[in-house]
Amino acid sequence: VRAIGAEPSGRVEFGMPASVSMALSIPLAETVRVEMPQVRFCATEAMSGHIRELVTSGEIDLALLYDQDGIGDCPSRLILMEDLWFYAAPDDWPFATPPGVPVPLAEVMALDLVLPSQRHGLRRLIDRVVKAERLQTRVVTEMDSLQQIKALVARGSGHTILSPAAVHDLAETGRLLGSQIVSPRMRRPVYLVRSARRPVSAATRAIETHCIRVIEDLVRRGIWQAEFPDSQSTSL
């Protein structure tokens, strides 16, 4: 009751998969520090399965997840549909078309790939799309570390499929080059999820609002290759 109408304050814990954290965690943390100095922002980066466990158990307040499976009665909102791209080192670009020109999935699947293991949601999505297209995946190395996948591909030891947000650091410096995958287009949803086991504070709601605004800015600037949905899932 005392907090009603007051400036947002207190600790808010936010969980993000590594591929989201690469683009979002720093600008969101900076925004919260400037706009809400009384709020202590705590970001946790982990695999999406672990993030799901943390938010459903009430160990964190908010999370960004790629699906709603297993979130129970936690309120959620679909905020983005992000594209997946093909990436390679500049001296290992395998296509006749230049980087930036969309490439068909069938041509990507003919190459040696470095991907997460089947425990990872990204890999399950890729395998599902590939199977539906009656193609096969040539995975030469499996790694459940985003940083290690990017480092390996940047050295020319294979190619990968990731979201542009996840590789913005290396793409910006030219260490990785990419093209959107088409025929079919590979996309995945991004949900903002709030724990049903924690009280909803003014700080939590304010960070939800700032999160959406920062993501909108990242999409507008081309850092996050994604589209906003026409409709939303269960409102937070």
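**Strand β5 and its surroundings**

Guide: Happy to! Strand β5 (residues 85-88) and strand β9 (residues 160-162) pair in the antiparallel sense over three bridges; pairing requires at least two DSSP bridges between two strands, and strands (E, at least two residues) and helices (H or I, at least four) are DSSP runs numbered from the N terminus. The residue facing Phe86 in β9 is Ile161. β5 is also joined to strand β10 (residues 177-182), by four antiparallel bridges, and there Phe86 stands opposite Ser179. Both faces of β5 are covered: Trp85 and Tyr87 on one side, and Phe86 and Ala88 on the other, are all buried (under 20% relative accessible area, with exposed over 50% and partly exposed in between, using a 1.4 Å probe and protein chains only).

A word on the ground rules. The model is predicted, so local features need pLDDT of at least 70 and side-chain atom pairs count only at pLDDT 80 or more, while totals for chains, interfaces and linings use all residues. Residues are numbered from 1 along each chain as its sequence is written, and side-chain values use heavy atoms, leaving out hydrogens and water.

Now for another sheet. Six strands form an open sheet with mixed pairing, in the order β2-β1-β3-β11-β4-β12. β2 and β12 (226-227) are at its edges with a single partner strand each, so one side of each has no neighbour in the sheet. β3 and β11 run antiparallel and share four bridges, with Val193 of β11 as the bridge partner of Ala63. Helix α2 (residues 48-57) packs on this sheet and touches β1, β2, β3 and β11, contact being heavy atoms within 4.5 Å.

In strand β4 (residues 76-83) you will find Arg77, which is partly exposed at a relative accessible area of 25%. Arg77 and Arg194 are 117 residues apart in sequence, yet their C-alpha atoms are 9.0 Å apart in space.

Finally, helix α1. The buried residues of α1 include Val20, Ala23, Leu24 and Leu28, and the buried set packs against β1 (10-16), β2 (39-45), β3 (62-65), α5 (146-154), β11 (187-194) and α7 (202-220). With α5, α1 packs at about 85 degrees, the axes 9 Å apart (lines fitted to C-alpha atoms over the stretch in contact, with angles from 0 to 180 degrees between N-to-C directions). That makes the two helices roughly perpendicular, a label for 65 to 115 degrees. Ala18, Ser19 and Met22 of α1 meet Leu146, Gln147 and Lys150 of α5.

Notes: Angles under 35 degrees count as roughly parallel, over 145 as roughly antiparallel, 65 to 115 as roughly perpendicular and the rest as oblique.
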